[in-house]
Amino acid sequence: MAIMGGEERRVTSGGDTMEHSSWKEISPTQYKVIETVFMTAFGGVSGAVLGGIVGTVIMAPMARRYPQALAALRRTQYARAYALEGSAVFAAWFGIESIMRGIRGKDDLTSRMVSASGGGLAYSFAMKGLTGQPAHALFTSAYYAALSGTTATIKSRNAQDAFYIETKAMLSKLDLEEYEKNFKKGHLTDPTLPFLTDSVLQEVNIPPGPRLLILDHIQRFEYKLLYSYMDQIYEFESNHGMLF
C-alpha cells in the first residue's frame, strides 16, 4: 500500500493499483477555525457545568439563609441562571483566547487580558442583556482584564523566582540582596553560577567589591551549587513524570 498524490493506493498481486480513499491536509487557517470553534464550545460547556454547580451548591443555600440579601429563587432557577452566565463567560473567554493566539502566534499577557475582557463583557450581557448599562459592561470588562493580568503576572514572577533560589541565598548570605535585579536582568540563573566570571558580572553593572565577594563565594561552593542544581532538575522531572 502506498500514498501518492494525495490519494491512498493499494498495490494488488498483479502489480495493478486501485484507489482506496483520498485525503487532504488541513490548512493552518482551517485548523485555527476548528480550534476556535472547539475551544468556544468547550468553554461554554465547562462554564455551564461550573455555573450550575455554583448556583446549586452555593447560591441556593445562601439565598435560603440570607433571604433579605439574595433573591428567593428555587435551586433550579439559581442553577439555570449561573449556568447561563458561566457558559457565556467561558465560551467568550476561551474563544477569544484561541483567536488571539492565532493572530499573535503566542499566549502572552496581552492575549490573556483581551480574552478576559471579552469574558467580562459576556458576563455583563448575560446579566443585563444586550441593552444593559454600558457602564456595567465597561467596568466588568476592565475588572476581568485587570484580574487576569494580575494573576498572570504573579504566576510569571513565581515561575521566574524558581530559577534564582541559590542566587537569592548567596546574595542574602553576602548581604548583597540589592544586586538580585542585576542577576535577573542578565538572566544569570542558578545553573550559570559556576560559570560566572568577573567580566560577566561587570556586564550586568555589579561593582568590583561585590564581584570579588560573589566570585569567592562561588569558588568555595562550586560543587555544592552544581549538586543543588542537579537536585532541582531531578525533583522537577520527578514531579512532572519525565524520568525514564
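Me: Which residues of helix 3 are buried, and what makes a residue count as buried?
Reply: The buried residues of helix 3 are Ser-111, Ser-115, Ala-116, Ser-117, Gly-118, Gly-119, Gly-120, Ala-122 and Ser-124, where buried means under 20% relative accessible area, exposed over 50% and partly exposed in between, with a 1.4 Å probe and protein chains only. The model is predicted, so local features need pLDDT of at least 70 and side-chain atom pairs 80 or more, while totals for chains, interfaces and linings use all residues. Residues are numbered from 1 along each chain as its sequence is written, and side-chain values use heavy atoms, leaving out hydrogens and water.

Me: Why is Lys-32 called partly exposed?
Reply: Lys-32, which lies in helix 1 (residues 28-65), has a relative accessible area of 32%, and is therefore partly exposed.

Me: How do you know that the span of helix 3 agrees with what it should be?
Reply: The expected span is 1.5 Å times one less than the number of residues, so the 20 residues of helix 3 (residues 109-128) should span 28 Å, and the end C-alpha atoms are 28 Å apart, which agrees.

Me: Why is helix 5 called oblique to helix 8?
Reply: Helix 5 (residues 165-173) and helix 8 (residues 208-220) pack at an angle of about 120 degrees. That makes helix 5 oblique to helix 8, because angles under 35 degrees count as roughly parallel, over 145 as roughly antiparallel, 65 to 115 as roughly perpendicular and the rest as oblique.

Me: Which residues of helix 5 and helix 8 meet?
Reply: Met-170, Leu-171 and Lys-173 in helix 5 meet Ile-214, His-217 and Ile-218 in helix 8, contact meaning heavy atoms within 4.5 Å.

Terms used
Axes fitted to C-alpha atoms, helices over the stretch in contact; angles between N-to-C directions. Helix = DSSP H or I, 4+ residues; strand = E, 2+ residues; numbered from the N terminus.
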